[in-house]
Structures are given as C-alpha cells and as structure tokens.
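Subject: Structure handover

Hello,

Here is the structure I said I would pass on. Please open it first, and then read the notes below it.

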Amino acid sequence: MEKKSEINGHAMPSSASTARMLENSEEPVEEDQQQKEEEKEKKKWGFKERLTRFLSRNLLVILTVSGVLVGVGLGMVVRGMNLSKAQMSHLAFPGEMLLRMLKMIILPLVVCSLVSGAASLDTRSLGKLGGIAVAYFLVTTLIASGIGVALAFIIKPGVGAGALNTNSLGLESVSSNKETTDSFLDLARNLFPSNLVAAAFRSYATDYKMVAVGNDTNGTTLYQKVPIGTEVDGMNILGLVLFAMMFGVALRILGEEGEELIRFFNAFNEATMVLVSWIMYIPFGIMFLVGSKIVEMEDVVLLVTSLGKYIFASILGHIIHGGIVLPLIYFAFTRKNPYSFLSGLITPFTTAFATCSSSATLPSMIKCVEENNGVDKRISRFILPIGATVNMDGAAIFQCIAAVFIAQLNNTELNAGQIFTILVTATASSVGAAGIPAGGIITIAIILEAIGLPTNDLSLMLAVDWIVDRTTTVVNVEGDALGAGILHHINQLEMKKHQQEVAKELEEVKVESVANVQAEEETSPLVVHQTKILEGMPEAIESVLLAVCEPHLQAASGVRLHGYMTKRCRNLNQ
C-alpha cells in the first residue's frame, strides 16, 4: 500500500519532493519527542546515578573552588613560618606555571576565535552584532564609572587620611609623567601595529627626552620635552583583535577561495579549546597562586585600617554593578533569570578571582559559556575576545574611586568639570587597560593627569590592588559573559523571525498549489480527461503539482527541480 502524506489536509502521494516540503515541519516534533524521552530517563535515575552525573558535570567547578579554598588555608598556615623571599618564590612556582600556560593560549585563542567568528557571520549580521556590542560595552562602562564616583563621594575614603603617605606604609613611590593626549594617541597607534609578529609580544608606548632648543637672555640652556616612540614588553592585544576581525571579514568576502583557510582557523580554534580543557583541570596551580599571595602580604592590618574605606568602597561598587546592574540589563533584554545564567560560570569566575587576569580567564570563559549556557560558538568566539580587551567595568569603578580618593587625600575639591572628566576618561582609558594583574593602575595615572592631580600616591593603590583587583576581574569577565548572552538572545530572535517568514511563505505556496490543482481539475476538460486516464498513477499527479509549484519553490525555498521532471510536466500539459 502506498504511503500518503498531507499538505494542509489534502492527501498527496509520497515522494522526495513532498518529503522535502514537510521536512521542516517534522523536525520540531522529533525534538520534542527526544526531550520527553530524556526527561523519562532522568526520572528513572537513582540517587547514586544522579550524584555521579552531578559530580562528572561539575568536576571542574568543584576542583577550581576547592583550589581557592585550600590555597587560602595553605597561605594562612605557611604565613607564620616567616619564609624568605626565595622560599616565597618557590612556593609560588606552581601558580606561576598555571599563569604561563594560560597566557600561552591567549594569542592563538584570540586570533583564531576572532577570525573564525568573523568569517562565520555575514557582513550584515557582523555589523549589527558589532554595533550592539560596542554600545553595550560603552553604556555599562559609563554606568560603572558613575557608580564609582557616586560611592567615592558618599563614603569619602580619603577624608581624614591626609596624614597617610607612601613613607608611613613603607611603600615605593610610583609615578607617571605621561601626557593624557599621548596616552590616547598610543591607543590609536596600537590599533594598527606596524609589525604583526612584534605585536604578539610588544606594544607601542610614548616616552620623552629633553632636547636643547637654545639659550635664554642669561645664557641658560633651554630644554624642551619631546615625545619619542618606544616599544615596551606586553602583547598588543588591541592590534591583534582588530587585525583578526578584518582578516575574518576578508575571508568571508572571498567566498569559496577563503573556505579552506576558514576551515584551518576553525580546526586550530577547536584544538586550542581542547588544550584549554586540559589546562583547567590543574587545581593545585590555583591553590599555590592564591596561597603565595597571602604569604607575600606584609602588614595586612595596617593596610586595611589605613585604606579600609577605599577597599570597602571599591568592593561595594563591584557588588552593586555585578550583582544588580548587569543582571538587570541582561533581564531587560532577554526576560530570563540572569542568575541561572551566571551559575554556569562559576569556574571562570573562580579563575578570574585567583589569577586577576581577564585575558587568562578568557579560555575557560569561552568553554563554559558554550557548554553550560548554550551560547552560539559564532557569538562567543567573536564577542568574548573583544570584551576581554575593551570591556573593563570593574576597572572603571575602582579607577574612579581611586581618583576621587587621591583628590580627597590631597584636600582638593573637585568641580563639575573635573568630575565629568573623570567619568569620560575612566570610560575611555579602560579600553586600553591591560587584561593582566595590576593592569588598571597605570590607567589611573591618565585620569590623574587629566584632572591635574599628582601621581605620586599611586603606590597606595598598588599596595591594596591584590585585594581589589580580584573583584575587579570578576566583574570584568561577568560583563563580557552577560554581553555574549544578550547577543546570543538577539541573534536567536532574528533567526526565529527569519524562519517564521520562510515558513509562512512556504505555507502560502502549499495552499496556492493545492488550490490551483483543484481549479484545473474542475474547469479544464483536458486536465479532467487526463486525470481519469492516469488515475492510480501518483507520478502523474505529482508532475502536475510540481509544474504548478516549480516557480514558487524556486523563489521561496531555493529547491531546483530535475530536468527530466520538468520535461514530463510539459509533455503532460501538451
């Protein structure tokens, strides 16, 4: 007996063409059935099976959190042994090896993920998603800067601490004589590195030299400070990010000629993620990284009592922004629970807390966002490397608080223009902040120079940066992850909208094709006569249907009919 299929309630002979027309409508049903079967299997699991599956699924999270907790305990125990500097460096060796392995992965991960991500998106989607991402990064960083300034004026961490100085805490002075204009010009220069190979380990920085320009009336030689270009150690991540994005777009435009190279970068990226999964299962590295930092602390009580209000203001700002503001933004876009999304990112958050590096957290963040939260690889591998470079919400908070703190420390009243300068400069300079430990301290000098404050108190920030930088990094990577979640949601909505439009067009074609066949049968004696002769021959009926549907199918779904089928339809009409 011949198998029948239906289109809008009309029985049709089964064939490859009708199967293709019904394929899209059958897929959701099959997915629902698979989900129901999986739910039934889960209900049959016993306690032991559930526990085993939970441990296997969350093994990385358990190992990472355990590494931090054991590291804190180890540091507190070893702290009382009065280790020498050499012994401290030996204790920090396993943690140093973990950081070196993570940094080793950064370059291939950033370049390959951005090339493959940009090449997998069409130019229109790339421009739209890129615009949304830039707007999201700017708005969230500006909000973070506003929170930092507001908390600094409410808590007033520098009031009453005028006697506090670098010498009282036994700290070395830190200063920066770099002009604000040159700092922003260096950002632009680093966007376009003159040597891509050198950009992998060096970046451009402006230095100054004094040049004699003549003598005054008393015969004294006059000198002028002249900026000169230098190369400093440190990966030029901004230049690599921009190049990788443009290279991916160029491969996309090439079409078939660029497909082989795109497949190469995709394979390279997947291999890098395998290496990441191996590296992250090394909890003792995080344990010694945290323990060594606790051992290296000198006089914690003096630092906390002297700079306690500054530490409290910074951490409170991070809690408000990371625990309230960013989740609210995510909920406003997606209407989903942000905390369930964040619960799948415990491992990268713990890694960020332990390493104090957004760049070192990038590998585990990409892995967890894709595997635990189901974010599209094209989205995560395009937006997360950019976010790790330009999105520094946590850094903007503590930089603003530090600037106001130093102003209060020097008994300087800030006017409205200076406050606005702090907001704008902190938002802009956080883009160039290095994603490494203590990378944001140097950018504070840019803010202080912009508002005319001395930079010799920066060492106070550096003294407690090992505390503040941990929550700073967690907020930085949280903003990146939620941004990826928002872009994934927007992309899913666009895809569903497009699928609904295509399905609607196909539905109209199906209804019209069936109506046309019935009309031909009722009004055309020739067709009625041929239908009676060919009754019981499904191929003839199919030929009539395909002859009517051919132009619609080609326009709506791109289905091309076989030449011999078209020829049969023409013969039938003749």
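Which residue in E4 is the bridge partner of Asp207? The answer is Ile228. Please keep in mind that this is a predicted model.

The strands

That bridge belongs to the pairing of strand E3, residues 202-215, with strand E4, residues 221-233. The two strands run in the antiparallel sense and are joined over 13 bridges.

Two packed helices are described by the angle between their axes and the distance between the axes. For helix H6, residues 123-155, and H16, the angle is about 35° and the axes are 11 Å apart. Their crossing is right-handed. On the H6 side the contact is made by Leu126, Leu129, Ala133 and Phe137. These meet Ile379, Phe382, Ile383, Ile386, Gly387 and Val390 of H16. By class, the contact has 9 nonpolar residues, 1 polar and no charged ones.

The cavities

The model has 3 cavities of 30 Å³ or more. The second largest cavity has a volume of about 40 Å³. Its lining consists of Ser358, Thr361, Leu362, Met365, Leu384, Ala388, Val477 and Asp480. Helix H15 (358-373), helix H16 (377-390) and helix H21 (465-523) are the elements that each give two or more residues to this lining. H15 gives the most, with 4 residues. Sorted by class, the lining of the second largest cavity holds 5 nonpolar, 2 polar and 1 charged residues.

Regards

Technical notes. Residues numbered from 1 in each chain as written. Predicted model: local features only at pLDDT ≥ 70, side-chain atom pairs only at ≥ 80, totals over all residues. Heavy atoms only, no water. Pairing = 2+ DSSP bridges. 1 Å grid on protein atoms, 1.4 Å probe; cavity = no way out; pocket = protein on both sides within 12 Å on 5 of 7 lines; lining within 4 Å. Points joined across faces, edges and corners; volume = space filled by probe spheres on them. Nonpolar A, V, L, I, M, F, W, Y, C, P; charged D, E, K, R; others polar. Axes fitted to C-alpha atoms, helices over the stretch in contact; angles between N-to-C directions. Left-handed = near helix turned anticlockwise from the far one by under 90°. Contact = heavy atoms within 4.5 Å.
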